[in-house]
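Student: Could you help me learn to read a structure I have not seen before?
Tutor: Gladly! Let us open the model and take one feature at a time.

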Amino acid sequence: YQWDITKCMFSIGNITEKLRIAGFNCAGETVVDLFAGIGYFVLPYLVHAKAHHVHAFEINPDSIAALKANLKLNGVEDRCTIYEGDNRITCPANIADRVNLGLIPTSELSWKSACNALKNDTGGILHIHANIDSKKLISGECYSKTEKKNKSTGPFKYPEWEEWTKYAIGNIEKLLRDVKGRD
């Protein structure tokens, strides 16, 4: 990517996720990024994953200026619509095949916006980011790293990850029923 260094910030924690997104095949998809910033995830969706269009939501005017510059530097400004303000107010319904919720420590404040943004007829994919406390007490017990690894099930490395996933799924299912009127 090309970046305007005068309007850039860096976060080492985003590298793995940016690379993961760059490997997606989003051809023909409309993506919503509810926390666009300067384009950390917008650019991988557009440049490498080949999303048809990205709707980028950002509340910070300085980040919006940098996002516009970065879109132009990468020649993808015609495939991105930028919305300034709180995504809980500015995000339209029924537009997205995929929604990126790249805010940490939690993006939960915008889960309803994300569900509402998904297309009514086909649904879509939510990419939910969150920090999960791996030192948390689970069911009254605190596991050591070895115990955590041995107690996990399925694709989860730690029980906290599974617990959080169940929490997120339950809330997303409820929100989808509320905003879409069906499961």
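Tutor: Two strands count as paired if DSSP finds at least two bridges between them. Keep in mind that this is a predicted model. Here β1 and β4 are paired in the parallel sense, over three bridges.

Student: Which residue in β4 is the bridge partner of Asp33?
Tutor: That partner is Asn100.

Student: How many bridges join β1 to β2?
Tutor: Four, and these two strands run parallel. As an example of residues facing each other, Thr30 stands opposite His53 in β2. Between β1 and β2 the chain passes through α2, making a right-handed β-α-β crossover.

Student: Which way do the residues of strand β1 point?
Tutor: Thr30 and Val32 point one way, while Val31 and Asp33 point the other way. All four of these β1 residues are buried.

Student: Now a helix, please. Which residues of α1 are buried?
Tutor: In α1, which spans residues 15-22, the buried ones are Glu17, Lys18, Ile21 and Ala22. Looking down the axis of α1, you find its buried residues within an arc of 140°, so they line one face of the helix. That buried set packs against α2 (42-48) and β4 (98-101). Thr16 and Leu19, on the other side of α1, are exposed.

Student: How is a pair of aromatic rings described?
Tutor: By the distance of the centres and the angle of the planes. The count for this model comes to five aromatic pairs. One of them joins Phe57 and Tyr83, which are stacked at 4.3 Å centre to centre with 10° between the planes.

Student: Why does the pair of Phe57 and Tyr83 tie together parts that are apart in sequence?
Tutor: Because Phe57 sits in strand β2 (residues 53-58) and Tyr83 in strand β3 (residues 80-84), the pair links parts 26 residues apart in sequence. Both Phe57 and Tyr83 are buried.

Student: What about the pair of Trp111 and Tyr167?
Tutor: This pair is tilted, with 6.2 Å centre to centre and 55° between the planes. Trp111 belongs to helix α5 (residues 111-117) and Tyr167 to helix α7 (residues 159-180), so the pair ties together parts that are 56 residues apart in sequence.

Student: Is Trp111 buried or exposed?
Tutor: Buried means under 20% relative accessible area, and Trp111 counts as buried because its relative accessibility is 2%. Tyr167, at 39% relative accessibility, counts as partly exposed. Together with Trp164, Trp111 and Tyr167 form one aromatic cluster.

Notes
Residues are numbered from 1 along each chain as its sequence is written. This is a predicted model: local features need pLDDT of at least 70, side-chain atom pairs count only at pLDDT 80 or more; totals for chains, interfaces and linings use all residues. Side-chain values use heavy atoms; hydrogens and water are left out. Rings of Phe, Tyr and Trp (its six-membered ring) pair if their centres lie within 6.5 Å; planes under 30 degrees apart count as stacked, over 60 as edge-to-face and the rest as tilted. Buried means under 20% relative accessible area, exposed over 50%, partly exposed in between (1.4 Å probe, protein chains only). The arc is that of the directions from the helix axis to the C-beta atoms. Contact means heavy atoms within 4.5 Å. A crossover is right-handed if, with the strands pointing away from the viewer, the path from the first strand over the helix to the second runs clockwise.
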